[in-house]
Every structure is written in structure tokens, then in C-alpha cells.
Amino acid sequence: MANAPFRGAPKIGRNDPCFCGSGRKFKHCHAGPQHALPALLTRDRIEKEIIEQGRRHFEKHKADEIQRQKQQGVGRPIVSIEYKGYRFVAVGSQLHYGKWQSFFDFLTEYIKQTLGSEWGNAEIAKPILQRHPLLQWYDKLCRQQAAHAKEPGTLFSMPMTGAASAYHRLAYNLYLIAHNGKNIQTRLIARLKNKDNFQGAFFETQVAAWLIKAGFELEFEDESDRKATHCEFTAIYTATGEEYSVEAKSRETESNNSSRPKVGRKLFEALQKKANHKRLIFLDLNKPLHTQAAAETAFNRAERIVRQSEGLSIGSQPAPAAYVCITNMNDQYSLDSSALATMISFRGYKMHDFIGNDFPSLRDAARARERHWPMFQLLKSMEEHRDIPQTFGGELPSEIFVPNPRPRLKVGHLYSVAGPDGVQVNAELMQATVSDDKAHCILRDPATNRSWIGTFEMTPDELADYAKQPDTFFGVYRQQAKKLETAMDMFDFFVEGYKSTPKERLLELFPGCAGHDDVDTMSQKDLVELIAERFTMNEVAKGFAVKPLRKR
């Protein structure tokens with residue numbers, strides 16, 4: 001067979017129109033050396049590297065934002081930069097600056113500026129027991145700092161006593177209100193400075209802070225309007241647009257702290273207020289509860305009073321329905337030591353499909369949760385965002401405040417370590433988790449593509465940060481195993497696992513569901529929840545210990 005004739009490549013004149021259709025002459029377009037084959041191959045490699053680096057930057061940004069929200073909530077983030085030894089912090093439209101090393105340092109100065117140094121100095125001039133409670137806390141805070149500070153201007157750690165907690169809690173509340181675009185009303189500041197009105201005003205700032213961190217926008221009522229009673233403010237859940245009329249009631253402090261909280265009276269007063277939207281009432285017991293048993297007794301009694309008050313009438317009409325959140329913050333009653341964490345109990349007043357009520361099935365509980373979704377998100381935020389941020393940008397304290405910290409273990413980074421054969425190599429960290437106070441990592445040698453598991457010691461500071469932020473500790477978002485405590489936790493676990501599986505595939509995987517009466521008309525979501533419910537109840541039948549089917 002004769003050889004096929006050789007055909008040369010078609011030639012294009014340098015002044016001919018370029019074949020790519022750009023309209024430019026060939027010599028000014030694809031005739032350049034950058035379009036030669038070796039250059040194209042190099043460019044392909046560069047593009048792949050850029051895409052890979054871009055993906056890593058995206059994953060890092062995602063992890064950083066999740067980590068920041070875990071510390072700060074979903075309101076407006078802390079806006080801050082450091083420049084030539086000064087820290088600049090934006091609070092709303094105002095810019096503050098100072099030589100602050102931690103966010104706590106900033107808050108300590110911010111509250112002084114907000115309430116006024118003249119008022120503060122006048123209080124400090126009084127004997128300690130005659131001072132405003134806030135300045136009594138400040139005195140204890142200063143003494144504690146002096147006892148633990150090593151050298152002026154250097155970082156130091158100290159226990160979080162009740163005095164430090166309460167003082168910074170108010171400072172953080174005021175910052176959050178101002179930073180999220182709301183003018184701190186003159187009347188609110190005046191109430192905070194008045195010893196007789198301080199507790200109620202303090203609790204109002206706390207309620208506002210809880211809502212802001214959970215993703216609500218606030219509209220404060222006109223407190224100078226005396227023509228009608230009204231709630232403290234309107235809260236709008238930005239994710240859905242749902243609006244709530246919010247009322248905050250705190251028990252007045254008795255001189256001997258011996259009287260019972262007037263829960264029923266406070267509830268009645270809140271229900272009397274004019275409300276244009278769904279009612280959300282916060283009732284603060286404001287009691288020194290120093291043991292878990294004492295706290296449970298007080299909360300059980302308060303919950304019983306709310307439940308038994310459902311027959312109340314306002315004027316000649318039955319009292320309206322409301323969400324009721326019962327709280328107690330014990331830090332201001334344990335000034336010289338650590339205190340019980342803030343106690344929270346969410347209930348439904350004349351809402352029998354909300355928290356505190358039993359449900360016939362897990363799926364019914366899930367439907368009820370959807371109907372009250374913003375309130376469940378509020379409760380979740382109140383539980384998760386208890387701590388005040390220590391850093392300005394969401395960084396972990398072990399990265400910022402520890403002198404000469406070890407190189408942080410981050411997925412995608414290279415570390416000089418001993419390989420499987422003991423030879424030192426530059427290995428990439430692929431995945432990591434923590435067990436038995438050690439980091440267990442999957443490492444890969446890029447030169448040989450070999451992988452192995454390496455174990456690293458972790459410092460107490462790193463372990464403390466991992467305990468609070470396990471999902472982002474290693475620089476990317478990887479959801480860690482969550483402890484399942486309730487039947488709803490397990491139900492949600494199974495729903496999450498199958499929520500993206502097509503209905504047809506679910507019926508293949510679980511043919512037993514095909515016999516269910518409504519399976520043909522069920523949506524994919526309904527089928528996933530049916531499967532999740534069956535799995536959960538099977539585990540409960542096997543002995544999985546769960547709390548009662550009652551929301552927290």
C-alpha cells in the first residue's frame with residue numbers, strides 16, 4: 001500500500017485576518033510567541049495552579065467567616081485595622097482608636113466614652129458601697145488586672161470573674177447596638193446611669209444584643225411618646241422579614257435578695273403593652289442562683305407560673321399569645337469568682353406547638369420548628385454566642401495571644417516532618433482531627449504522592465480553641481462529629497445525610513418505605529423525614545438514651 005501523501009499545514013500571511021475571528025491582522029494577534037505550543041502548555045499549568053490556589057483561598061475565606069460568625073454572631077462584623085501600633089475600630093459611623101491588643105481592651109475604653117468619664121469619675125470619688133453598681137464592678141476589675149498584670153503594656157490572662165463578665169457584657173451590648181446602626185438613645189443612657197433604673201436598662205441592652213447576634217434588625221420605639229404604652233422595640237428577622245414586638249422585663253433587685261421574682265406580674269405587665277406584631281417577651285429572674293439545683297428550682301417555678309397564667313385577661317379580652325424567654329444571669333452576683341452560665345428557658349405562652357410541649361412524632365416536631373423558625377434560630381444563637389470575642393478579626397486566641405506560638409496546623413499547608421521512613425520531607429496536611437488531646441493528621445508528600453498519618457502534640461491553648469471551634473480549627477471548614485443528645489438531634493443527623501438524595505434512589509435504598517400509604521404523593525423532603533424518623537426510633541428502641549421529646 002502506497003504511503004499517504006504528506007500535506008503541509010496551511011500557511012497564513014502575516015497581514016491576513018487572524019483565523020480566530022478577532023478582526024485583527026494575524027501578526028498582531030495569534031502570530032505572537034505567547035501562542036506557541038510550549039507557551040500554551042505552560043499557560044495551562046499556570047491556569048490550573050491559579051484555579052487551585054483560588055479554590056484554597058475560597059475555602060480559607062469560608063472557614064474564616066464561619067469562625068468569625070461563631071464568635072461574633074451574624075450581625076455586622078467587627079470592623080477594625082491595625083496601623084503603626086494603633087488599633088482603629090469602627091462603631092457604626094464613628095471611628096475609635098487606641099493601643100488596644102484585645103477586643104476586651106477596646107470594650108473597657110468604649111464603655112467609658114459612651115457613659116462619659118465625668119460621670120464615671122464622680123462615681124469613683126464616692127465610697128465604694130455608695131457607688132453605682134457598674135463602678136463597683138469596675139473597681140474589682142481594676143484590682144484583678146493589677147494582681148495579674150506582669151509588665152505595663154504586655155498581654156496577660158486572668159480568670160473571668162463575675163465582675164469582669166458583667167462589666168464587659170454591658171460594654172459589648174452597647175457596642176453591638178451602636179455598631180449595628182442604632183442610636184443609643186439618651187434616655188437609655190440616663191437609665192443606665194441611674195442606680196434605681198440600672199437593672200431594667202441593663203437587661204434591655206442584653207435583649208437587644210441577643211437579637212442582633214441572631215440576625216435581627218431592631219427598630220427602637222419612641223420612648224418620649226406618652227400617648228400609648230408600647231414595647232421596647234420591634235425586631236425584624238432579616239432572613240424571612242418576620243417582625244416581633246419585643247418587651248424586656250427584669251425583676252427589681254431587692255436589698256436582701258430574698259423576695260421571689262414577680263414572674264406573673266411581669267408577664268401581665270408585658271402582655272398589657274400595645275404590640276403591632278407577634279409578641280416576644282423576655283423575663284429575667286435576676287436572682288443569685290449559685291448551684292445548678294437552685295437554678296432548676298427557680299426555672300421550674302417560673303415555667304409553671306407562665307403555664308398557669310394562660311387564663312389571664314387583659315381588660316375584657318383574653319390575653320394574647322406570646323413567645324416567652326425566661327433568663328437569669330448570675331455573674332453580677334458572683335463578682336469575685338466564676339458564675340453559673342446564663343440560664344435560658346424558651347416557652348410558648350398560649351402557643352401549644354412551640355417549645356415546652358410534647359409532639360406525637362418527630363416529623364410533627366420538625367413541622368412545628370419550621371413554623372417558629374426565627375425563634376429557634378434566636379435560641380440557637382443565645383446558646384452558641386455566649387462568649388464575648390477576644391480578637392478583632394475572628395482569629396483564634398492561641399494564634400494571637402500566645403508568645404512564640406507553634407506553626408498552626410492548617411489543611412493545604414506544607415510542614416517539614418519525618419516521613420514514614422523517618423526521612424525529613426515537606427508534607428502537605430490533607431485532613432486532621434483531634435483525639436486524646438492530640439492532632440491526628442493525614443499527610444502527603446507531594447514529591448512521591450505517599451500518604452500517612454502523623455500525630456502532633458497540642459498545647460492547652462490550642463485544645464481550648466479546638467473545643468470551641470472544631471469545624472474551622474484546621475483552617476478549612478470540615479464539620480466534626482457532633483454529640484447526639486436528643487431524638488431530634490439524631491433525626492436531624494439522618495435528614496442531613498439524605499437531604500440531597502433523589503426520591504427514586506431513596507426508594508431503591510429503602511424498599512420498605514414503598515409500602516407506606518402516602519409514599520406516592522410524598523415529596524422528597526417528606527420521604528427523607530419518614531426515613532429519618534424510622535431510623536431514629538429504631539435506635540431509641542435499641543437503647544439510645546435520649547432526653548424527652550421536648551424542646552430545650
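**Helix H7, a cavity and its neighbours**

Helix H7, which spans residues 198-213, gives the most to the lining of the second largest cavity, with four residues. The model is a predicted one, and the structure holds two cavities of 30 Å³ or more. The second largest cavity has a volume of about 30 Å³, and its lining is made up of Arg 169, Gln 199, Phe 202, Phe 203, Gln 206, Asp 284, Met 329 and Gln 332. Sorted by class, this lining comprises three nonpolar, three polar and two charged residues.

Helix H5, covering residues 162-179, packs with H7 at an angle of about 60°, the two axes being 9 Å apart. Since angles from 65 to 115 degrees count as roughly perpendicular and those under 35 as roughly parallel, this angle makes H5 oblique to H7. The crossing of H5 and H7 is left-handed. On the H5 side the contact is made by Ala 166, Arg 169, Leu 170, Tyr 172, Asn 173, Leu 174, Leu 176 and Ile 177, while H7 brings Phe 198, Phe 202, Thr 205, Gln 206, Ala 208, Ala 209, Ile 212 and Lys 213. The residues of this contact of H5 with H7 divide into 11 nonpolar, three polar and two charged. Arg 169, Phe 202 and Gln 206 take part in the contact of H5 with H7, and these residues are also among those that line the second largest cavity.

Helix H6, residues 186-193, is another partner of H7: their axes come within 7 Å and cross at roughly 130°, an angle that makes H6 oblique to H7. The crossing of H6 and H7 is left-handed. Here Leu 188, Arg 191 and Leu 192 of H6 meet Phe 198, Gly 200, Ala 201, Phe 202, Glu 204 and Thr 205 of H7, and by class the contact of H6 with H7 has five nonpolar, two polar and two charged residues.

The crossing of H14 and H16 is right-handed. In H14, the residues Ala 487, Met 490, Phe 491, Phe 494, Val 495 and Tyr 498 meet Gln 524, Val 528, Glu 529, Ala 532, Glu 533, Phe 535, Thr 536 and Glu 539 in H16. Taken by class, the contact of H14 with H16 holds nine nonpolar, two polar and three charged residues.

Note on methods. Residues are numbered from 1 along each chain as its sequence is written. This is a predicted model: local features need pLDDT of at least 70, side-chain atom pairs count only at pLDDT 80 or more; totals for chains, interfaces and linings use all residues. Side-chain values use heavy atoms; hydrogens and water are left out. A crossing is left-handed if the near helix is turned anticlockwise from the far one by less than a right angle, and right-handed if clockwise. Helices (H or I, at least four residues) and strands (E, at least two) are DSSP runs, numbered from the N terminus. Contact means heavy atoms within 4.5 Å. Ala, Val, Leu, Ile, Met, Phe, Trp, Tyr, Cys and Pro count as nonpolar, Asp, Glu, Lys and Arg as charged, and the others, Gly among them, as polar. On a 1 Å grid over the protein atoms alone, a cavity is a set of points where a 1.4 Å probe fits but cannot get out, and a pocket is an open set with protein on both sides within 12 Å along at least five of seven lines; lining residues have an atom within 4 Å of a point. Grid points are joined across faces, edges and corners, and a volume is the space filled by probe spheres set on the points. Axes are lines fitted to C-alpha atoms, for helices over the stretch in contact, and angles run from 0 to 180 degrees between N-to-C directions. Angles under 35 degrees count as roughly parallel, over 145 as roughly antiparallel, 65 to 115 as roughly perpendicular and the rest as oblique.
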